[in-house]
Amino acid sequence: MILRTLDDTHAYGAKLANVLRAGDLVVLSGPLGAGKTALVQGIGAGLGVRGPVVSPTFVIARVHRGGRLPLVHVDAYRLGSFAEVDDLDLDVDLADSVLVVEWGTGLVEQLAEARLEIAIERATDSDERTVTLHPYGGDWANRVVPLS
Ligand SMILES: Nc1ncnc2c1ncn2[C@@H]1O[C@H](COP(=O)(O)OP(=O)(O)OP(=O)(O)O)[C@@H](O)[C@H]1O
Ligand SMILES: [Mg+2]
């Protein structure tokens, strides 16, 4: 999937929100400035959560309520191990929420039996972003069909 502008990325996130269910784990990868947080902003808008979704880099995790499902947004950039993720002591039941983790590859997979990994690549000469979906387990392979 090619996302040419920031608006495209927001819109794609909102479309992704439509297929999300309680207990879902979504892992976002891609370099600094790829658009991971931008995608989460779209997911938040699609879920209808309250409050702006901003980069959680300095707080590690934020819970956004008020939408169809609670959205838990984690930036694992500064976390070195699963133990540190587990220690965040999120004030929310993940089974009832959607958990979206930036920089979570290799750290958070054990939080759920299934997950959707989303890789975002950025072009060097334009704003274009390329999104690739990697469904692992559960029924993710079927659920991503409307998103490709
Ligand atoms: N097509 C696009 N999709 C997403 N963001 C875009 C696009 N074109 C330009 N941008 C810009 O790229 C930046 C993406 O920043 P964002 O914080 O979402 O990246 P990130 O992957 O979360 O970075 P970090 O690893 O630092 O958390 C924003 O400044 C946004 O305006
Ligand atoms: Mg970010």
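A helix is a DSSP run of H or I with at least four residues, and a strand is a run of E with at least two, each numbered from the N terminus. Residues are numbered from 1 along each chain as its sequence is written, with chains lettered from A and ligands numbered from 1 in written order. This is a predicted model, where local features need pLDDT of at least 70, side-chain atom pairs need pLDDT 80 or more, and totals for chains, interfaces and linings use all residues; side-chain values use heavy atoms, without hydrogens or water.

Q: In which strand is Arg 115 found?
A: Arg 115 is buried at 17% relative accessibility (buried is under 20%, exposed over 50%, partly exposed in between; 1.4 Å probe, protein chains only). The residue belongs to the run 115–122, which is strand 6.

Q: Which side chain does that of Arg 115 join in a polar contact of 2.7 Å?
A: A polar contact is a pair of N or O atoms within 3.5 Å; within protein, one must be able to donate a hydrogen and the other to accept it, and sequence neighbours count only if both atoms are side-chain atoms. At 2.7 Å, the partner of Arg 115 is Glu 117.

Q: How much of ligand 1 does the protein bury?
A: Backbone atoms come within reach of ligand 1. An oxygen of the ligand is 2.9 Å from a polar backbone atom of Gly 33, and a nitrogen is 3.1 Å from one of Thr 5. Ala 34 brings a backbone N or O atom to 3.1 Å from a ligand oxygen. Of the 640 Å² that ligand 1 exposes alone (Shrake-Rupley, 1.4 Å probe), the protein buries 75%.

Q: Where does Asp 89 lie?
A: Asp 89 is not a glycine, yet its phi is positive, near 55 degrees. The residue counts as exposed because its relative accessibility is 67%. Asp 89 sits in the loop between helix 3 (82–86) and strand 5 (98–102).

Q: Is Ser 97 buried or exposed?
A: Ser 97 is found in the loop between helix 3 and strand 5. Its side chain reaches the backbone oxygen of Asp 93 at 2.9 Å. Relative accessibility is 1%, so Ser 97 counts as buried.

Q: What is the phi of Trp 103?
A: Trp 103 is in the loop between strand 5 and strand 6. The residue is partly exposed because its relative accessible area is 28%. Although Trp 103 is not a glycine, its phi is positive, at about 60 degrees.

Q: What separates the C-alpha atoms of Val 59 and Val 74?
A: Val 59 is in the loop between helix 2 and strand 3 (61–64). At 42% relative accessibility, Val 59 counts as partly exposed. Val 74 is 15 residues away along the chain, and the C-alpha separation is 8.7 Å.
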